[in-house]
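Here are a few friendly notes to read beside the model. Please keep the viewer open as you go through the points.

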Amino acid sequence: MRLEFLQKAARIASLGVLLAAATPAAADVTLYDQNFENPTNFVNDGGDVNIFRTVNDLYSGQPSGFTFSQANTVETLLIGGTQAWGTGFLDPSGIGGNYTLAMLSDVQNDLIGLAFDVGSFQFLNLRADISSIDLDRWGGPFTVDNVSVPIFRFSLFDNPTGLPGLGSGALLDSFDVTGLASHRNTFVWSEALGGLNAANSTNGNVILRIDLLQGGYAAIDNLKIVASDVKGQVGGVPEPASWAMMIAGFGLAGSVLRRRSDRRATAFAAH
């Protein structure tokens, strides 16, 4: 009887080892996930553009307590309207949804700043969609039709105070992403994906600065920010989505029926 008990206990322990081995030791943490589809009190100021309300006016508190910082205007564009270029902004792929952020590179240096705490993780990873686009008013056009190529720079700054800002501390890391030229009224999206090293931050508090370096005018959408120890990983460590175990008394240690992982293919676009 004692031998049988020990054998059953060993089978249960073996199952526990199997489950532990299949479970990631540390998970990534999603800090921010924003598709800009729910602006608060969007106003079409003309040309399918909200220019007089800041990004923070439209998107603060998404999630609760979150604050944007910006330099100059940084517009929110209505996709699928009727005013811009006489056609509205066109998005054949549908990637941009109904709204997107857009910014200048040259006439004035528009900037976006987002403050995060990465904790003990080494990297702040991000994924976004970027596209050339232009305005037919508000000083536009700013691009050369089907010629101007947008280049975004993503920079990470030390931010010991944890307060919102555009980044005034030590520069920790940066990378550039080049998009595609497009017609002035049409989005042609490229994926920006990369990791910024936060290992030298004072206390885990950092600021991500988004800057359009060149291209005249361009949009950014579907922004996801993840703290991770794996550079560029934004989908999270695959975890078991469904485990089924049946243990009948001590007669059956258990069985794993199925493990499903949700994997998303991504492409790096780096300049």
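How many bridges join strand β6 to β11, and do they run parallel or antiparallel?

1. Strand β6 (residues 111-117) and β11 are antiparallel, joined by seven bridges. Strands here are DSSP runs of E of at least two residues, numbered from the N terminus, and two strands pair if DSSP finds at least two bridges between them. Before going on, a word on provenance: this is a predicted model, where local features need pLDDT of at least 70, side-chain atom pairs count only at pLDDT 80 or more, and totals for chains, interfaces and linings use all residues. Residues are numbered from 1 along each chain as its sequence is written, and side-chain values use heavy atoms, with hydrogens and water left out.

2. Strand β11 also pairs with β8 (residues 151-158), in the antiparallel sense and over eight bridges. Have a look at Asp211: this β11 residue is the bridge partner of Leu111 and also of Arg153.

3. Strand β11 covers residues 205-214 and is mostly covered, with seven of its ten residues buried. Buried means under 20% relative accessible area, exposed over 50%, and partly exposed in between (1.4 Å probe, protein chains only).

4. Now to the nonpolar cores, meaning sets of buried Ala, Val, Leu, Ile, Met, Phe, Trp, Tyr and Cys residues joined through side-chain atoms within 4.5 Å. The largest has 39 residues, and Leu114, Phe154, Leu208 and Ile210 have the most contacts inside it. Strand β12 (residues 217-228) gives the most to this core, namely five residues. A second, separate core of 15 residues includes Ile51, Leu77, Ile79 and Phe187.

5. Beyond its neighbours within four places in sequence, Leu208 is in contact (heavy atoms within 4.5 Å) with residues including Leu114, Phe116, Phe154, Leu196 and Ile225.

6. On the aromatic side, the structure holds 13 aromatic pairs. Rings of Phe, Tyr and Trp (its six-membered ring) pair if their centres lie within 6.5 Å; planes under 30 degrees apart count as stacked, over 60 as edge-to-face and the rest as tilted. The Phe66 and Phe68 rings have centres 5.4 Å apart and planes at 80°, so this pair is edge-to-face.

7. Lastly, Ser190 lies in strand β10 (residues 190-197). Ser190 counts as buried because its relative accessibility is 13%. Leaving aside neighbours within four places in sequence, its contacts are Ala128, Asp129, Ile130, Gly179 and Leu180.

Note on methods: Helices (H or I, at least four residues) and strands (E, at least two) are DSSP runs, numbered from the N terminus.
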